There are 2 protein chains.
Amino acid sequence: MEVLQTNLIYCIPALGLIGILVMISKSVWVSKQDAGDAKMQELAGYIADGAMAFLKAEWKVLSIFVLFAAALLAYSGSIHEVNGREIHSSWIISIAFVIGAVFSATAGYIGMKVATKANVRTTQAARSSLKKALKVSFTGGTVMGLGVAGLAVLGLGGLFIVFLSLFADLGANTVKTAIEVLTGFSLGAESIALFARVGGGIYTKAADVGADLVGKVEAGIPEDDVRNPATIADNVGDNVGDVAGMGADLFGSYVATILATMVLGQEIIAIDNFGGLSPILLPMVICGLGIVFSIVGTWFVTIKGEDSNVQTALNLGNWSSIAITAIASFFVVKWMLPDVLVLRGYEFTSINVFYAIMVGLVVGTIMSLITEYFTAMGKNPVDSIVQQSSTGHATNIISGLSVGMKSTVVPILTLAAGIMLSYHFAGLYGVAIAAAGMMATTAMQLAIDAFGPIADNAGGIAEMSQLPPEVRERTDNLDAVGNTTAATGKGFAIASAALTSLALFAAFVGIAGITAIDIYKAPVLAGLFVGGMIPFIFSALCIQAVGKAAMDMVNEVRRQFREIPGIMEYQAKPEYEKCVAISTKASIREMLMPGAVALITPILVGFIFGPEVLGGLLAGVTVSGVLMGIFQSNAGGAWDNAKKSFEKGILINEAMHYKGSEPHKASVTGDTVGDPFKDTSGPSMNILIKLMSIVSLVIAPYIAVPTSTLAETTHTEQHMQVHQASATVNNKNCSHTCSPEEMKAAKSEGKVCTMPSNAAQSRFSTESKKACCEKPGIKDRFK
Amino acid sequence: MEVLQTNLIYCIPALGLIGILVMISKSVWVSKQDAGDAKMQELAGYIADGAMAFLKAEWKVLSIFVLFAAALLAYSGSIHEVNGREIHSSWIISIAFVIGAVFSATAGYIGMKVATKANVRTTQAARSSLKKALKVSFTGGTVMGLGVAGLAVLGLGGLFIVFLSLFADLGANTVKTAIEVLTGFSLGAESIALFARVGGGIYTKAADVGADLVGKVEAGIPEDDVRNPATIADNVGDNVGDVAGMGADLFGSYVATILATMVLGQEIIAIDNFGGLSPILLPMVICGLGIVFSIVGTWFVTIKGEDSNVQTALNLGNWSSIAITAIASFFVVKWMLPDVLVLRGYEFTSINVFYAIMVGLVVGTIMSLITEYFTAMGKNPVDSIVQQSSTGHATNIISGLSVGMKSTVVPILTLAAGIMLSYHFAGLYGVAIAAAGMMATTAMQLAIDAFGPIADNAGGIAEMSQLPPEVRERTDNLDAVGNTTAATGKGFAIASAALTSLALFAAFVGIAGITAIDIYKAPVLAGLFVGGMIPFIFSALCIQAVGKAAMDMVNEVRRQFREIPGIMEYQAKPEYEKCVAISTKASIREMLMPGAVALITPILVGFIFGPEVLGGLLAGVTVSGVLMGIFQSNAGGAWDNAKKSFEKGILINEAMHYKGSEPHKASVTGDTVGDPFKDTSGPSMNILIKLMSIVSLVIAPYIAVPTSTLAETTHTEQHMQVHQASATVNNKNCSHTCSPEEMKAAKSEGKVCTMPSNAAQSRFSTESKKACCEKPGIKDRFK
């Protein structure tokens, strides 16, 4: 046990590595599966090439951005003093940033690579059985999930160790600087995530809408028909948007959540057996264990025969990994954390930290259930859209918008209750660790999420290769389950993003040196207004970009039908690559503007108006972003399933309606409107709010306000109290290594003994070791 | 001049009375105009009867609510102590509430009464000339405008005088209690406004959508055809929604804005010639003068011949009344206010108050211009919707949503700048007076607004009576201008609502005894989230109500076509009254839920979680409500005009498209989606945010927090300083009536001489007259 205590910090990247090793073995397994006949392989090849072409083009643009931003960060990291205040940063933050960006891109790449392999192999597997098709597609998803989680834990854990030793000579400021520099990793990850999500989202929906408008409507050929020049782009879109985009997104979320908890943990006064680092290490340990338990969970995802319920299998896997992680986190918390912790004057016990984690899990579960209720077929909300489709396009849209808006109520109330409860249990650290607990099983969540688009693609390949109907039936079965898991995944993602943003927000307040964000002040309120507006303009830009790019696509498809004779008679092959190029170019062009809004606004506001106004801006972005995210994702999901309800026929006004009926046409309109909502702007909201918080956190030291006179007085007073306190305890023979008895004695006097028992091994300066007992509520432990 | 100074308070209701007298004379003039032939009069009679039937049904329900709420208020007003704190209220607040409700209903009634008279007379006038048609319709609008503004100023000014004398024996608390009780008037007005706006909005859109769906689409008869059983309900809707609803809405806004300024003005320390009341009286004086200058402005609204530009005439009238009011307010401010004023420690000069008013005017103007840009035909945003209609219903909707979201950017930046600037000039009083300045010419604004629906109705009557095409052409000309003015009016309304809410918010903070609303605190942040969600659920309920009510209407119209033979052959008269009854019943049933959300939420949150969390909730509602209001109103307006663009034919992809083409059908879908957006939920947003702020203001004394230890200390210190200060100045022979020299002398020592020179005539207690000089920054002037 002692060995584990001493070396726990090294176990974290090891857990990440385990995830990556399992991922590699699963990836090899997928590659080994039968890839079907030549035609299937040809089509799959087009899709894989198109996806790679997009990623390459995207990376080319993003590498310029990354280098530019890294240079800026390196410059700012070399500033060590602003207005007489010390800044704990280093030019190395730019390295962390680049690594974060590269890891994020890699996570997306791994997912896309395996997805473009797994799709055709799932089609082939579906020729024999549903069980096998599920195994291939879900294993593909698992590769993605383990890749993302493994890279994140490896990156964060590994870099933390490296930075601790790099800055070891900073003495008291070692940990602070290491974490400050680590924010660069998160910034890199989240920046790439934003561009990947927005760019991928625009790509996939431009291709989808464009392919449908000319192919289905004008030329009258079915969806996924090889004669449609845009059909490959459409299938590529599923991979770059729903797989690579989502991978980068969740990589960013995962990293940001852990980092936010670490930043707050760093401020905690704790006497533990881990060099005082336990509150910092805890989120990484829990998430590392979450990877292992996600692997365990995947063992349960299997079915018996053709009639087995796929959803049940996935649920079993998901819930078992969550349950094991929850139980494990109880023991980990008890083992790692000291009995009493103090953050910014808020005192809480270790068991309360565990309760906060439980709050996070409950909030995440409720959010998922509500999302499912509002977007599932056969439930009241989707049915109301179906019924209102009978009176036309307009009433379909009206009811969808109304469903989306109504769907915000319970999630927001849940979130509000979650914030209050997790804060009640463990202060701001509670809010952060609740989010981290929620994200612990990201590997499993993502495996379930990513399996959907793989199944979707598999169905497309089956259609294009004109395979027998039972193949398509099997992939459709998987696809339908994938739609539900995609919806619940989005609920989870927005909940965790909201809590993470709050944690980042709290971390920002601490670093920026402000004690309150008072919206009663006019400039702060103005910041709140402007912040609330950002998600609106961001959504508008995304939605508009899809519209524009779809138009380009429509024109190209029309040109090909006109200028290349013989396409319709299968005698000439359409120029797929031209459509792929158009979608690629348009999405990369259109992703820049929304990205710039997200990155530049906090910098401008922070430097011009100061940290408190920036705090108001962040609060506005978070509230409005969460609302718009839930509204758009759920409205889109509900429209989608309202349309799908017509496939098996549906009863409206005592008459059955099928595909092709007028109400069905109205439902197609709703689905098309919902496309950019649910796949472009909606899911970008959670990246937007996190990215703006991280940018603020990174610039916080440079815009920090000088402590006010009042605050200074209080500070001085506190210092005097501390000196008195340490004097008293020192008289009581408090040695450098506090024994449990001394801790109790100190506590009975309202003090906390802060020096960890293994202080000898720790990196703390000799000076800081002298003052081993402090009054609770003092932030600057080692100053 | 001295006489005016002494009796200024009596001039205010007199100005309101002038407005009402002019209104009566204009109303008589409208009644005297030719009402056309028997058929026209019969149709107009149906419309007038339907509108009255709705108002009666609405009033019946609302009177129950008013009595219930009044009883609650009377009870709460009789509580004079909560947790040992004194509360300055009285059961008379319930009387103020009832009067406010009755005045608001009367304002709506006057508008509707004149509108249902002016519509048919405008049709008749349009048979001779455009000039005459404009005169009749605009005079109808003027009656509405003057009625609303006149009643508001008469009510506020008159009740203030009454309450001052009623509470004269309260000595130091006279003014405080009078204004506290006056909030009841505003609460009554705003409650009725909410129900009128929501109920009217549901009515008009249910009838509109229902009439169109069965009449135009199923039966294939034109709009406004007498054979359609819902056509009368449709025309009634214009009157109860766009006229009566809007009248009650603006009455509420106007009252709330003035009241908020009075509440803040009451806290100001000012030495003036008006018994220290100048900051309280100023908003009423400016708005009273605004009525007179609006009357002057109406003289400019006239045209020469058939080719004259109606818009130019309206603009001339509008701008001249604004310009005169602006100039007058400079002199009024200089005359009334002392050189230096202090509010909650913020010191500002009288000229800065004038600048704050100018900020309000500029903000209002920019908001109007932006609204016009985003909703006007031929401008880029509407054109983009038109172009995207060529690819179908979905792309039309997508581009409309995107236009609506984009349209929030400049208004929010303007508003944010307006908040910061007006605060910079004159603190919170500056924010409030900016809103009051913006609302000063409400009479003119409303005249321009209300003339639109009158012209619209006149066109409907012309169509139903089968008058010659040139009559319809003239009314269409007026109607088109009316659409633009309606859009700019909405921009103005939302801007003033935002500023008013902030002022109410500030007033609330003062009364609730809190010093900050710190969103860094978890419960306050949770409140912010919940507040942000309210406009979403409110909108969802409104939109859904329109959908449901439209369905009822569709079924009734189908029933009549089926069961009453001979309707289509003009041989049987449809049962218009049944459709009217359905719309009436549905709208009254559906308005209750959103109204309850608005009224009950702040009470629950305030009493359970306290004032600071309620403050967070209000901030969330305001930010999210302003955004949703702008988004929905502008999207709806843009869709409407995109559809109208097809009437004269429009060029898309090098081909002309007219009414009946596929792109036109897509644009009709957009317009129908936009209907509840722009006429039901969108404009309700500004009432929602104001109403919730007023409810909070009314309950503020009951949920106020006990002053904290720190604050108490400061308070005691301040009191000591005050005593010292007054002692010093008393030694300098400061008499009860401060001379200008003494004021200067006191100021040079950093003190302010607070006793007005006409203190002898004022109602202040003898005791309070003793201490005539105080240090700036002390709130409780007469305690």
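A:V28 belongs to helix α1 of chain A, which covers residues 2–32, where helices are DSSP runs of H or I with at least four residues, numbered from the N terminus. The model is a predicted one, in which local features need pLDDT of at least 70 and side-chain atom pairs count only at pLDDT 80 or more, whereas totals for chains, interfaces and linings use all residues. Residues are numbered from 1 along each chain as its sequence is written, chains are lettered from A in the order in which they are written, and side-chain values use heavy atoms, with hydrogens and water left out.

With a relative accessibility of 41%, A:V28 counts as partly exposed, a class that lies between buried (under 20% relative accessible area) and exposed (over 50%), with a 1.4 Å probe and protein chains only. Together with A:L17, A:L21 and A:I24, A:V28 makes a nonpolar surface patch of about 350 Å². Such patches consist of residues with over 30% relative accessible area and no salt bridge, nonpolar side chains being joined within 5 Å and like charges within 9 Å, and the accessible areas come from the Shrake-Rupley method with a 1.4 Å probe.

### Salt bridges

Side chains of opposite charge can pair when their charged atoms come close. Over all chains, the structure holds 54 salt bridges, each defined as a side-chain nitrogen of Lys or Arg within 4 Å of a carboxyl oxygen of Asp or Glu. Three of these pairs are set out below.

| Pair | N to O distance |
|---|---|
| A:E575 and A:R559 | 3.4 Å |
| A:K678 and A:D675 | 3.1 Å |
| B:D679 and B:K678 | 3.3 Å |

In the salt bridge between A:E575 and A:R559, A:E575 lies in the loop between α15 (522–563) and α16 (576–609) of chain A while A:R559 lies in helix α15 of chain A, so the pair ties together parts that are 16 residues apart in sequence. A:E575 is partly exposed, its relative accessibility being 23%.

A:K678 and A:D675, by contrast, both sit in helix α18 of chain A (residues 662–703), three residues apart, or about one turn of the helix. A:K678 is buried at a relative accessible area of 9%, and A:D675 is buried at 6%. Both residues are members of a network of salt bridges that also links A:K205, A:D208, A:K490, A:D640, A:K644 and A:D679. In chain B, the partners B:D679 and B:K678 are likewise buried, with 10% relative accessibility for B:D679 and a relative accessible area of 9% for B:K678.

The axes of helix α15 (residues 522–563) and helix α16 (residues 576–609) of chain B come within 9 Å and cross at roughly 165 degrees. That angle makes α15(B) roughly antiparallel to α16(B), and the crossing is right-handed. Helix α8 (residues 310–336) and helix α14 (residues 469–512) of chain B also have axes that come within 9 Å, and these cross at roughly 45 degrees. In this case α8(B) is oblique to α14(B), and the crossing is again right-handed. Axes here are lines fitted to C-alpha atoms, for helices over the stretch in contact, with angles running from 0 to 180 degrees between N-to-C directions. Angles under 35 degrees count as roughly parallel, over 145 as roughly antiparallel, 65 to 115 as roughly perpendicular and the rest as oblique. A crossing is right-handed if the near helix is turned clockwise from the far one by less than a right angle, and left-handed if anticlockwise.

B:K176 lies in helix α5 of chain B (residues 174–219) and is partly exposed at a relative accessible area of 33%. Between B:K176 and B:S89 the C-alpha to C-alpha distance is 8.7 Å, although the two are 87 residues apart in sequence.

Notes
Helix = DSSP H or I, 4+ residues; strand = E, 2+ residues; numbered from the N terminus.
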